[in-house]
Amino acid sequence: MTPYKKKQFGIWMDQYNATVVGRTDPDSAELVILGHLRKPHVSGNSNENAANNQAVASSQKFFKEIAAIMPNVDEVHVTGTGQVQEQFIRFLARTPQYRNTTTSESTSERMTDAELLAFISAHFN
């Protein structure tokens, strides 16, 4: 019988960009960059309420794009700048598919892809 392998992912994100790291195969030990995502630009709006609704919808779309890269995730570590990591973790907690996902977070400055891979590998090992 094969031991159960956790599907682990790492994300570096700020308000506008996200880089997702994970394993292409759960049996693989090597982490790879699965995607670079950019939040869609929100155009100006003269109505404050409409502008706020548009910004919230844009964030939700951004979070859904990130989550789509991580199907059936067991554990995720989110790092980056600002408060967007907390918002993303709350988004995962409210989404039925990700409710049982173990999440952790940390704060870090912008990293290169190689630095991010090393950081996430060290976190999960």
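Four aromatic pairs are present in the structure, where rings of Phe, Tyr and Trp (its six-membered ring) pair if their centres lie within 6.5 Å, and planes under 30 degrees apart count as stacked, over 60 as edge-to-face and the rest as tilted. One of them joins Phe62 and Phe63 in a tilted arrangement, with 6.3 Å centre to centre and 35° between the planes. Both Phe62 and Phe63 are buried; buried denotes under 20% relative accessible area, exposed over 50%, and partly exposed in between (1.4 Å probe, protein chains only). The model is a predicted one, in which local features need pLDDT of at least 70 and side-chain atom pairs count only at pLDDT 80 or more, whereas totals for chains, interfaces and linings use all residues. Residues are numbered from 1 along each chain as its sequence is written, and side-chain values use heavy atoms, with hydrogens and water left out.

A further tilted aromatic pair is formed by Phe63 and Phe91, at 5.6 Å centre to centre and with 45° between the planes. This pair links distant parts of the chain, since Phe63 lies in helix H1 and Phe91 in helix H2, 28 residues apart. Helices (H or I, at least four residues) and strands (E, at least two) are DSSP runs, numbered from the N terminus. Phe63 and Phe91 are both buried. Together, Phe62, Phe63, Phe88 and Phe91 make up one aromatic cluster.

The packing of the two helices was examined next. Two packed helices are described by the angle between their axes and the distance between the axes. The axes of H1 (residues 48–69) and H2 (residues 84–94) come within 11 Å and cross at roughly 70°. H1 is therefore roughly perpendicular to H2. Axes here are lines fitted to C-alpha atoms, for helices over the stretch in contact, and angles run from 0 to 180 degrees between N-to-C directions; those under 35 degrees count as roughly parallel, over 145 as roughly antiparallel, 65 to 115 as roughly perpendicular and the rest as oblique. On the H1 side, Gln60, Phe63, Lys64, Ile66 and Ala67 meet Val84, Gln87, Phe88, Phe91 and Arg94 of H2, contact being defined as heavy atoms within 4.5 Å. The residues of this contact comprise six nonpolar, two polar and two charged. Ala, Val, Leu, Ile, Met, Phe, Trp, Tyr, Cys and Pro count as nonpolar, Asp, Glu, Lys and Arg as charged, and the others, Gly among them, as polar.

In soluble globular proteins, nonpolar side chains tend to be buried together. The largest nonpolar core of the model has 20 residues, and those with the most contacts inside it are Ile11, Met13, Ile66, Met70, Val76 and Phe88. A nonpolar core is a set of buried Ala, Val, Leu, Ile, Met, Phe, Trp, Tyr and Cys residues joined through side-chain atoms within 4.5 Å. Two or more residues of this core are supplied by each of strand S1 (8–13), strand S2 (17–22), H1, strand S4 (75–80) and H2. The greatest contribution, five residues, is made by H2. A second, separate core of seven residues includes Val21, Met111, Leu116 and Ile120. Beyond residues up to four places away in sequence, Met13 touches Ala18, Phe62, Phe63, Ile66, Val78, Thr79, Gly80, Thr81, Val84, Gln85 and Phe88.

Individual positions in and around the helices were also characterised. Gln85, located in H2, is buried, with 2% relative accessibility. With neighbours within four places in sequence left aside, Gln85 is in contact with Met13, Val78, Thr79, Gly80, Glu105 and Ser106. Arg90 likewise lies in H2 but is partly exposed, with a relative accessible area of 45%. Between Arg90 and Thr103, 13 residues apart in sequence, the C-alpha to C-alpha distance is 9.9 Å. Thr103 belongs to strand S5 (residues 102–107) and is partly exposed at 32% relative accessibility. Apart from neighbours within four places in sequence, Thr103 is in contact with Val76, Ile89 and Leu92.

Ser58, in helix H1, is buried, with a relative accessible area of 8%. Its contacts, not counting residues up to four places away in sequence, are with Lys39, Pro40 and Val42. Asn72 occupies the loop between H1 and S4 and is partly exposed at 48% relative accessibility. Most residues other than glycine have a negative phi. The phi of Asn72, by contrast, is positive, near 55°.
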